[in-house]
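Hi,

Here's the structure I said I'd pass along.

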Amino acid sequence: TGGWQVLLAECGSLVAQVNSGAGGVKAGSVARVTAIARLVAAVLKTNPELGPKLAQLTDTLVGLVAKFCLVAAPPLQLLAAVTDSLASLAVKDPEKVMDRLAGTHLLPKCHPGDSSQLQPGVVGALLAGQETVSGEYPLLVSFLRLMSVCGQLPGARPSITFILREVLPNY
């Protein structure tokens, strides 16, 4: 458990930086936590049964996603790696994963007063603003993988609508 504690401490350091304001976030910390998130994603993709043992780490990563969804330029690769981890966890418990993401601005949502109006969430904003420009789609691929597991859930309807309206016709 010592190695995982070091990884958790690194994530905790980034949480503290984000809490101090977007200007306090160090690129090196984001890069290290992105590497950690990729490691967690790879472990969970290979063996989703390890989800409970990595719960503290994945909870911290989801908390970071929630915080980064509130800043102007969230780290695309970090969000993609965490979303990929959640897609693996969703294989065992899709409802829990969708519940965890409901508290973030990551996924598309329906407008509160008008369910026909779709808010694209950070996934949509990054797709339009960064991924399309660069021609690389790490978050979109992770998001599609997540929806391939959770798409049948009622909470995923806005995400499925977004895919049908915005992704399939254009990409």
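Helix α1 covers residues 2–19, and its 18 residues should span 26 Å at 1.5 Å a residue; the end C-alpha atoms are 26 Å apart, so the two agree. (The expected span is 1.5 Å times one less than the number of residues; helices are DSSP runs of H or I with at least four residues, numbered from the N terminus.) Before going further: this is a predicted model, with local features needing pLDDT of at least 70 and side-chain atom pairs counting only at pLDDT 80 or more, while totals for chains, interfaces and linings use all residues. Residues are numbered from 1 along each chain as its sequence is written, and side-chain values use heavy atoms, with hydrogens and water left out.

Back to α1. Its buried residues are Leu-7, Leu-8, Cys-11, Leu-14, Val-15, Gln-17 and Val-18, where buried means under 20% relative accessible area, exposed over 50% and partly exposed in between (1.4 Å probe, protein chains only). They pack against α2, α3 and α4, with contact meaning heavy atoms within 4.5 Å. Just past the end of α1, Gly-21 has a positive phi of about 120°.

Setting aside residues up to four places away in sequence, Ser-29 touches Glu-10, Leu-14 and Gln-17. Leu-39 is also found in α2, which runs over residues 27–46, but Leu-39 counts as partly exposed because its relative accessibility is 39%. Leu-39 and Ser-85 are 46 residues apart in sequence, yet 9.1 Å apart in space, C-alpha to C-alpha.

Now for α7, residues 138–150. Its 13 residues should span 18 Å at 1.5 Å a residue, and the end C-alpha atoms are 18 Å apart, so this one agrees too. Its buried residues are Pro-138, Leu-139, Leu-140, Ser-142, Phe-143, Leu-146, Met-147 and Cys-150, and they pack against α4 (76–90), α5, α6 (121–134) and α8 (157–167). Ser-142 has a relative accessible area of 5%, so it counts as buried; leaving out residues up to four places away, Ser-142 touches Ala-80, Thr-83 and Asp-84.

The structure holds 1 aromatic pair. The ring centres of Phe-143 and Phe-162 are 6.2 Å apart and the planes sit at 65°, so the pair is edge-to-face. (Rings of Phe, Tyr and Trp, the last by its six-membered ring, pair if their centres lie within 6.5 Å; planes under 30 degrees apart are stacked, over 60 edge-to-face, the rest tilted.) The pair links distant parts of the chain, with Phe-143 in α7 and Phe-162 in α8, 19 residues apart. Phe-143 is buried at 0% relative accessibility, and Phe-162 is buried at 4%.

Last, the largest pocket, with a volume of about 200 Å³. (On a 1 Å grid over the protein atoms alone, a pocket is an open set of points where a 1.4 Å probe fits, with protein on both sides within 12 Å along at least five of seven lines; lining residues have an atom within 4 Å of a point.) Among its lining residues are Pro-48, Asp-59, Lys-92 and Arg-100. The elements giving two or more residues to that lining are α3 (55–68) and α5 (94–102).

Cheers

Methods:
Points joined across faces, edges and corners; volume = space filled by probe spheres on them.
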